[in-house]
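Biologist: I would like to go through this model label by label. Please back each term with a value and a cut-off.

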Amino acid sequence: MAAEVAEQPTVLARLLAEGAAPAREVASILAGRSPRFVLLAARGTSDHAALYAKYLVEVLLGLPAGLASPSTMTAYGVRPDLRDVLVISVSQSGTSPDLVEYTEVARSCGATTLAVTNAPGSALAETAELHIDVQAGVERAVAATKTYSAELLALWQVIDALRGGDGSAAEGVPSRASQLVGRRHEVAELASRYRFADRMVVTGRGFSYPTAREAALKLMETSYVAAHAFSGADLLHGPLAMIDEERPVVAVVPDGVGATAMAPVVERLASRGADLLVLGGQQTREWGTARFTLPPAPEELAPVTDIVPLQWLALEMSLARGFDPDRPRGLSKVTETW
């Protein structure tokens with residue numbers, strides 16, 4: 001896992017160099033179809049990449065987007081009218097039977113289907129009409145790291161091209177990833193603070209909400225912490241009641257609209273005496289019991305690299321607790337669902 005976290009700057013640089021042309025080609029086809037709605041289908045870590053893409057589609061393209069429920073087609077047998085709908089299926093392995101079947105059925109129901117995978121020869125890639133390879137290379141650790149950040153960047157490349165962008169906004173992504181990879185020692189110090197925590201909350205808003213979701217998953221699967229992820233808004237609608245000084249909270253708040261929206265959330269957390277770790281920028285420099293400063297980034301691209309210190313946090317907490325982050329108990333690299 002450590003080697004694959006450290007590999008991300010290289011993976012992202014390669015994707016910027018080699019993935020731009022395929023992204024533009026796919027975007028050109030999609031523009032000709034003029035989809036009226038976007039559905040995103042995924043599981044696990046890829047589901048958080050899909051959530052990120054939902055924000056991109058709605059904010060950058062002004063199109064409505066939703067996360068699909070594959071079981072409506074695979075288990076309940078529903079056959080909706082999907083004409084003028086773009087279905088994007090995201091999967092590292094491209095092998096999960098429910099995603100393959102969902103994509104096949106969606107295509108038969110009139111949808112334009114796009115698969116985003118790390119496996120161009122997979123069943124999902126072959127089932128979808130269009131495919132984007134995230135080019136992350138073989139990932140051996142059970143906990144996905146480089147494939148996740150590559151999925152995010154690949155999705156951004158397609159959506160940026162679809163809005164008429166030239167991809168230049170992402171030029172600083174590999175450099176930011178490299179900076180964060182090199183700060184593992186800082187995260188290790190923070191991890192020692194939470195070595196004995198058995199419950200944690202991770203929160204963010206807007207583009208950072210998928211990062212919070214992915215961070216919670218990494219903590220659960222590597223350190224076996226009961227980590228709950230909430231959007232900052234949802235956290236105030238009930239779950240805030242469980243927050244006290246005994247439950248650490250990690251807030252992901254890079255500069256931007258999301259940080260402004262998180263301000264009242266952080267104030268409420270502070271009023272409850274929460275042990276608050278803030279990963280943030282200049283807007284949040286006074287927040288938190290503990291702090292990790294994120295490098296400046298366009299808000300729409302920040303999630304591609306902001307996940308790196310949280311991957312380090314999950315790994316370091318796992319090691320500090322005497323676990324093997326490469327082999328989480330009860331898990332395998334490929335999970336097949338129906």
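Biologist: Why is Ser231 called buried?

Modeller: This is a predicted model, and the value is computed from it. Ser231 has a relative accessibility of 11%. Buried means under 20%. The value of 11% falls under that limit, so Ser231 counts as buried.

Biologist: Where is Ser231 found, and what does Ser231 touch?

Modeller: Ser231 is found in strand β7. Leaving out residues up to four places away in sequence, Ser231 touches Thr203, Gly204 and Tyr209.

Biologist: What makes the sheet with β7 an open one, and what is its order?

Modeller: The order is β7-β6-β8-β9-β10, with parallel pairing across 5 strands. β7 and β10 (290–293) are the edge strands, and each pairs on one side only. Neighbouring strands of this sheet are turned by 15° against each other on average, direction ignored.

Biologist: How do you know that β6 and β8 pair?

Modeller: At least two bridges are needed for a pair. β6 and β8 (residues 249–253) have 4, in the parallel sense. The count of 4 meets the requirement, so the two strands pair. Gly204 has Val252 as its bridge partner in β8.

Biologist: What packs on this sheet?

Modeller: Helix α11 does, touching β6, β7 and β8. Its direction makes about 175° with that of β7.

Biologist: Now Gln283. Why is Gln283 called partly exposed?

Modeller: Its relative accessibility is 38%. Buried is under 20% and exposed is over 50%. The value of 38% lies in between, so Gln283 counts as partly exposed. Gln283 has its place in the loop between β9 (276–280) and β10. Its contacts are Asp255, Gly256, Ala259 and Thr260, not counting residues up to four places away in sequence.

Biologist: How many residues separate Gln283 and Ser46 in sequence, and what is their distance in space?

Modeller: They are 237 residues apart in sequence. In space they are 29 Å apart, C-alpha to C-alpha.

Biologist: On to the aromatic rings. How many pairs are there?

Modeller: The count is 3 aromatic pairs.

Biologist: Why is the pair of Tyr55 and Phe207 called tilted?

Modeller: The ring centres are 5.9 Å apart, within the 6.5 Å limit, so the rings pair. The planes are at 50°. Under 30 degrees would be stacked, and over 60 would be edge-to-face.

Biologist: What makes Tyr224 and Phe323 a tilted pair?

Modeller: Their centres lie 4.6 Å apart, and the limit is 6.5 Å, so they pair. Their planes are at 50°, between 30 and 60 degrees, so the pair is tilted. Tyr224 sits in the loop between α11 and β7 (226–231), and Phe323 in the segment after α14 (302–320), 99 residues apart. Tyr224 is partly exposed at 21%. Phe323 is partly exposed at 28%.

Biologist: Where does the charged end of Arg183 sit?

Modeller: Over the ring of Phe292, 3.9 Å from its centre.

Biologist: What is the order of the sheet that holds β1?

Modeller: The order is β2-β1-β3-β4-β5, an open sheet of 5 strands with parallel pairing. Its edge strands are β2 (65–67) and β5 (130–133). β1 (residues 37–42) and β3 (residues 85–91) pair over 6 bridges. Helix α8 (residues 146–162) lies across β3, β4 (112–117) and β5, at about 160° to β3.

Biologist: Last one. How do you know that the radius of gyration agrees with a compact globule?

Modeller: For 338 residues, a compact globule would have a radius near 20 Å. The chain has 19 Å, so the two agree. Buried residues make up 55% of the chain.

Conventions: Residues numbered from 1 in each chain as written. Predicted model: local features only at pLDDT ≥ 70, side-chain atom pairs only at ≥ 80, totals over all residues. Heavy atoms only, no water. Phe/Tyr/Trp six-rings, centres within 6.5 Å; stacked < 30°, edge-to-face > 60°. Buried < 20%, exposed > 50% of the residue type's maximum accessible area, 1.4 Å probe, protein only. Lys NZ or Arg CZ within 6 Å of the ring centre and 35° of its normal. Contact = heavy atoms within 4.5 Å. Axes fitted to C-alpha atoms, helices over the stretch in contact; angles between N-to-C directions. Rg over C-alpha atoms; globule rule 2.2 N^0.38 Å.
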